[in-house]
Structures are given as C-alpha cells and as structure tokens.
Amino acid sequence: MKSITLIRPAFVLPAGSYGVDVCPPLGLAYVAAAFESAGLHVTVIDAVGEAPLAKHNAAYPGLVARGLSVEEILARIPRDTDAIGVSAMFSIEWPHHEFLCQEISKIFPDTPLIVGGEHATACWSYLLTNPAITICALGEADESALDLAAWIKGELRLEEISGIAYRRDGVPYATPRRSRIQSVDELPLPAWHLIPLEPYLSGGFAYGVDRGRSIPMMATRGCPHQCTFCSNPQMWTQRYFVRTPKAVVDEMELYVRKYAVQNVDFHDLTTLLKREWVLELCRELEARELDITWQLPNGTRSEILDEELLSAVIRAGCRNIAYAAESGSPRTLKMIKKKVDLERMRHSLRIAVRLGFVVRVHLILGFPDERRSDLYQSLWFGLKTAWDGAEDVLLFRFAPYPGSEIYAQQRQLGNLPELSNDYFASLAFTSLFNRKSLCAASGFEIGIYQFFGMVFYLLVGLTRNPSRIIRAVRNVLAGRSESGLEKNLLSLYRKTPFPRWIGNRQWKKPSAISPQLVVLLSFYAT
Ligand code: B12
C-alpha cells in the first residue's frame with residue numbers, strides 16, 4: 001500500500017507577540033481524511049499537538065516556534081514513506097517551514113514533497129523556486145488530494161490534475177483551477193483519529209475561549225464578500241456552500257460521544273449568513289439537547305443578526321460571538337470594500353450583550369492610505385462598543401498578506417518589496433513592535449494606539465461592569481474562561497508556580513493528600 005506523511009510544522013510567531021492560540025489542525029485533518037479515503041496509508045506528524053508547550057527559536061532570527069523541533073519532526077518521518085505533505089497556512093511561518101522542507105529533501109531526496117494551505121496558494125510560484133518542493137496544492141484541496149493519491153500510485157500524470165502547481169520544464173506552472181466543492185456534506189469527516197487530539201482537548205488549546213474540551217469544525221465553506229485585505233477570495237473564491245444542519249449536528253454529536261467534547265469552535269469564514277439555514281441549525285441543535293456550547297471566534301458580519309436570530313443562536317448553545325467591524329471609519333470601510341453599517345452593527349451588538357453573549361470586536365489599524373483621523377475613528381468606535389458591552393475589543397495591526405487585493409495593489413505601486421523570507425517574517429500583526437506602516441501614522445505610533453486602546457477598552461468595560469472582575473477570578477480558579485481577557489489570564493496563571501490543582505480542570509481528586517495541599521494546610525495552620 002502506498003503511503004503519505006502529512007506534517008503540521010511548529011507554530012511560528014514573532015518574538016514579542018501578544019496572545020498565542022494554538023488549536024487542532026482542521027485543514028490537515030480534512031486532507032488526511034481525503035488521502036485515507038483514496039486508499040493511502042496516512043501518517044500525521046502534528047508538531048504542535050505532540051508538544052504544545054515546547055518553545056524554541058525558529059530557523060529565522062526574530063521568530064519563535066512552538067511544538068516539535070525540525071530534528072524531532074525529521075526523526076518521526078517513516079523512512080519508507082512514498083510522499084510527504086506539509087501544511088503552510090500562515091505566511092509569517094514560512095521562513096521556518098522552508099527550512100523544514102529543505103531538511104526533509106536532504107534526507108528524502110527522491111520523495112515528492114507537497115505543500116498546501118493558504119500560504120502555498122498565495123505564493124506557489126515563489127515556493128516552487130525552491131527545488132525542495134515538488135508540488136503546491138492550491139485552494140481547497142480535498143479533491144486534489146484524491147488525484148494526488150492516484151499520482152502517487154502511478155495512476156495519473158501531474159498535468160492531468162487540476163488545482164496544483166509544479167515545475168514544468170524547470171518553470172513554476174499552475175494547472176487550471178479546480179471548481180469549488182459543492183457537495184460539502186459528502187466530504188469525509190476530518191481524520192482526528194490520526195492526530196494527537198487529547199493534548200488540545202485537555203490542555204485548553206483552542207481558537208475560542210476555554211469552555212471545556214473544544215474541537216474545531218466547519219459548517220460552511222467560503223465567503224461571498226471581497227474584503228481587499230483578505231486572501232480568502234483567492235483561496236476559496238467567492239462561492240459559499242453550507243452543509244446541511246443535520247450533518248453539522250451529527251458531527252457535533254459524534255464528538256460529544258467519542259471525545260467527550262464540551263464546546264465547538266467554528267472556523268468558518270462566515271457562519272451566520274443565510275438566515276433560514278442558521279435558524280434550522282439552531283432548531284436541530286435544540287432538538288438534540290447535546291449539552292454543548294459553541295463559539296464563533298472568527299469575526300462575523302451583522303446583517304442578519306437581529307433579536308430573533310440572536311435569541312435562537314444563544315438558545316442553541318452559542319456563547320461567544322465576534323463582530324468584525326474592521327474599521328470605525330466609513331472612508332476606510334469603503335476603501336477595503338467592507339460593506340458594514342456601523343450603527344446597525346452596534347445595535348445588533350447591544351442586543352447580543354443583553355441576551356448574554358460574550359462579545360468581541362475586531363478592528364484593524366493602519367490600512368494603506370489611512371489618515372490619522374481614520375485611526376481615531378476606529379479607536380472611538382472601539383470605545384463605543386466597549387461602552388455597549390463588548391468584552392474584548394481587539395486592535396490588530398494591518399499586514400499586507402500575499403494573495404489579498406491590497407497586497408497586489410501595493411506591490412504594483414512599489415510600496416512593498418518582492419516576496420522573500422524577510423518579507424514574510426515582517427508580517428507580524430500580532431506584534432506591537434513592528435515598525436512598518438503604509439498609512440499616515442508610523443508603525444511605532446500604531447503600536448502605541450494598539451496598546452493604550454486595548455488597555456482603555458478594558459478599563460471602560462470593567463468600570464461599566466465590575467462584576468466581570470469577580471467572574472474572571474472565579475473562572476480562572478475553576479480553570480475555564482468566558483472572555484478573551486479571562487483566556488489570557490488563565491494561560492498566564494497556568495504558567496505560574498501556583499498549585500496545579502487550582503485552575504486546572506484536568507485535576508482529579510487525589511487519592512492521597514497532595515503535597516500542595518499539605519503546604520497550603522500548614523500555611524493556614526500557622
Ligand atoms: C483557525 C485560524 C487560526 C488559528 C490557528 C489555526 C491552526 N490550525 O493553527 C489561530 C487563531 C491560532 C490563528 C492565528 C492567526 N491567523 Co488565522 N486563521 C484561522 C482560520 C480562521 C481558519 C483555518 C481553518 O481551520 N481553515 C479550515 C480548513 C479546512 O482550511 P485550510 O486550513 O486552509 O485547509 C485546506 C487547504 O488549505 C488545504 N491544505 C491545508 N494544509 C494542507 C497540506 C497539504 C499537504 C495539502 C495537500 C493541502 C493542505 O486542504 C485543506 C482542506 O481543503 C483561517 C481562515 C480560514 N477559514 O481558512 C485564518 C487564517 C489562516 N489566519 C490568518 C492570519 C493572518 C492569522 C494571524 C496572523 C492573525 C492574528 N492576528 O493573530 C495569526 C497567525 C498565527 C501565526 N502562526 O503567526 C490568515 C492567513 C493569511 C496568511 N497568508 O498568512 C487566514 C487565511 C485568515 C485571513 N483570510 O486573513 N488563525
């Protein structure tokens with residue numbers, strides 16, 4: 001039987017980043033399932049799942065990696081594997097992942113190396129200049145994986161496969177785009193059985209806040225909008241397909257039974273888009289009484305989020321929702337083609353808060369050509385939403401991602417350098433210290449706005465709702481989180497030397513008195 005080894009390399013971030021979420025690799029789990037269904041023997045090396053807390057320097061200055069080191073990954077690749085696949089989602093990670101690919105090709109010079117994911121889709125012609133990489137899988141790869149499996153078995157030629165890129169006569173060449181998968185219900189479910197899921201489930205490693213054992217899922221695929229800062233239109237096109245609510249809830253039920261999952265984080269680009277579909281999903285969920293929460297950590301739009309819909313959504317178990325305004329400046333919104341009515345969004349947000357959702361707001365500072373007045377409008381909008389009851393207001397720094405319309409425009413204008421590892425490593429919008437800027441304010445100034453903006457929103461929120469402080473203490477001690485603030489406090493708390501049996505939901509009642517308890521009891525006794 002032919003085989004493939006799929007690798008999710010370590011998670012890479014710039015040193016000095018704030019907030020590091022790691023979560024199970026949903027995309028890789030989907031492709032693993034596709035290769036398995038095509039009759040290949042699949043091995044997955046999930047560098048993050050195997051060592052979620054291991055931290056080391058990445059193979060590029062200024063970047064840090066979390067997970068297995070390159071040497072540890074290499075040691076785990078079966079020597080007789082027939083092909084190797086690497087997932088490359090984030091451009092910023094590429095300098096480290098490229099090093100991994102090079103090391104792989106030294107040990108496995110004759111084994112084809114396939115790279116897939118958002119970054120590979122946006123930068124395939126650049127990636128293929130590196131001879132270590134044989135093929136890039138472009139866009140949604142579930143169907144391409146079936147053809148690639150046939151190629152590995154010697155049943156197809158590369159030129160017969162759509163949706164990939166490879167070197168033809170030494171030059172990077174892309175085959176015709178594959179049309180989007182419409183029958184999304186028929187895709188095999190993610191192959192979680194091949195991935196070390198338990199460290200994520202019991203360690204609280206998830207995209208959303210920590211409401212218990214959490215697994216990622218997708219209920220829909222694609223996004224019909226065309227925001228110019230996003231690379232998804234190129235990755236997924238603008239076509240949007242939904243699974244049937246029954247299939248979505250069946251999958252949730254399966255995870256409750258199989259992995260004792262208590263929460264689902266939806267990774268969809270835009271989950272709440274079709275009113276009737278959302279209502280049907282909610283009805284299905286209520287009818288099944290799964291005793292599970294779900295979250296929408298990805299920013300959503302608010303067009304359909306009125307009182308009726310939000311009430312149905314919260315009754316069906318959704319607790320956390322993120323409103324993606326992106327900017328508080330109508331001028332900027334027009335520039336980035338984000339059709340948002342800010343006042344309507346605030347109205348919806350206030351209803352969500354009143355109904356009991358924990359609300360987050362996403363704003364991005366520093367789009368090209370933004371004036372200071374645009375930035376101030378965004379900061380002011382953030383303040384208003386904090387006043388309205390949003391618990392977390394996130395101020396991101398704009399980064400021109402390859403594959404996005406803005407990236408292409410700015411490249412044409414000569415405002416951005418050619419693709420290179422230096423460029424990828426600079427795409428740090430989780431970092432407060434990035435000095436690069438394409439707007440009127442300098443990078444440093446944006447960092448100041450980000451920092452003080454977020455502190456100020458927090459203060460406004462806590463002053464208006466002091467009970468959140470008590471809830472935060474209670475939740476952290478119980479080892480859970482309901483808001484982003486609590487999630488960060490909990491992750492900080494878990495790094496402290498305080499007794500592990502507080503703030504750790506894995507803790508099981510010890511059979512004998514634990515040493516920590518003895519210390520604590522003697523402390524109280526004296
Ligand atoms: C969940 C998520 C995260 C999670 C982590 C996810 C993970 N597994 O590690 C967290 C919260 C940590 C995160 C962080 C960030 N994220 Co994010 N994230 C996402 C999100 C919303 C969903 C990813 C997902 O599950 N997709 C669903 C699966 C099914 O799709 P997929 O992963 O693309 O996989 C398919 C194909 O790509 C392909 N494929 C994937 N791997 C492989 C491998 C092989 C061998 C093959 C053949 C095929 C293949 O097949 C899969 C099935 O079709 C995406 C947007 C999106 N919906 O894709 C953004 C996205 C990936 N994130 C993005 C960004 C920018 C970030 C941040 C910088 C944001 C920030 N402010 O912090 C950070 C960067 C983290 C870092 N390392 O530096 C960008 C990436 C752009 C880029 N070129 O880098 C995206 C595309 C959003 C966007 N449009 O801007 N993110």
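**Entry 1: a buried pair.** I started at Arg346, which is buried with a relative accessible area of 12%; buried means under 20% relative accessible area, exposed over 50%, and partly exposed in between, with a 1.4 Å probe and protein chains only. I then looked up its partner: Asp388 forms a salt bridge with Arg346, and the closest N and O atoms are 2.6 Å apart. My salt-bridge rule asks for a side-chain nitrogen of Lys or Arg within 4 Å of a carboxyl oxygen of Asp or Glu. The pair links distant parts of the chain, with Asp388 in helix H15 (residues 372–388) and Arg346 in helix H14 (residues 342–355), 42 residues apart. Asp388 also counts as buried, at 11% relative accessibility.

A note on the ground rules: this is a predicted model, where local features need pLDDT of at least 70 and side-chain atom pairs count only at pLDDT 80 or more, while totals for chains, interfaces and linings use all residues. Residues are numbered from 1 along each chain as its sequence is written, and side-chain values use heavy atoms, with hydrogens and water left out.

Helices (H or I, at least four residues) and strands (E, at least two) are DSSP runs numbered from the N terminus.

**Entry 2: Glu391 and Arg468.** Next I checked Glu391, which forms a salt bridge with Arg468 at 3.6 Å between the closest N and O atoms. This pair also links distant parts of the chain: Glu391 sits in the loop between H15 and strand S18 (392–397), Arg468 in helix H19 (residues 467–478), and they are 77 residues apart. Glu391 counts as buried at 15% relative accessibility, and Arg468 counts as buried at 12%.

I also noted a network here: salt bridges that share partners join Lys246, Asp250, Glu253, Glu284 and Arg288.

**Entry 3: Arg213 and Glu198.** How far apart are the closest N and O atoms of Arg213 and Glu198? I read 2.8 Å for this salt bridge. Arg213 lies in the loop between helix H8 (198–203) and strand S11 (214–217) and Glu198 in helix H8, so the pair ties together parts that are 15 residues apart in sequence. Arg213 counts as buried at 17% relative accessibility, whereas Glu198 counts as partly exposed at 39%.

**Entry 4: charge totals.** By the same rule I get 32 salt bridges. The chain has 58 positive and 55 negative side chains, and the centres of the two sets lie 5 Å apart. Lys and Arg count as positive and Asp and Glu as negative, with His and the chain ends not counted; each charge is placed at NZ of Lys, CZ of Arg, CG of Asp or CD of Glu.

**Entry 5: the whole chain.** I find 21 helices and 18 strands in the protein chain. Its radius of gyration is 23 Å, close to the 24 Å that the globule rule gives for 526 residues, so the chain is as compact as a globular protein of that length. That radius is taken over C-alpha atoms, and the rule is 2.2 Å times the number of residues to the power 0.38. The C-alpha trace spans about 70 × 65 × 50 Å along its principal axes. Buried residues make up 56% of the 526.

Entry 6: Last, I checked Ser125, in helix H6 (residues 124–127), which is partly exposed with a relative accessible area of 37%. Ser125 and Gly447 are 322 residues apart in sequence and 33 Å apart in space, C-alpha to C-alpha.
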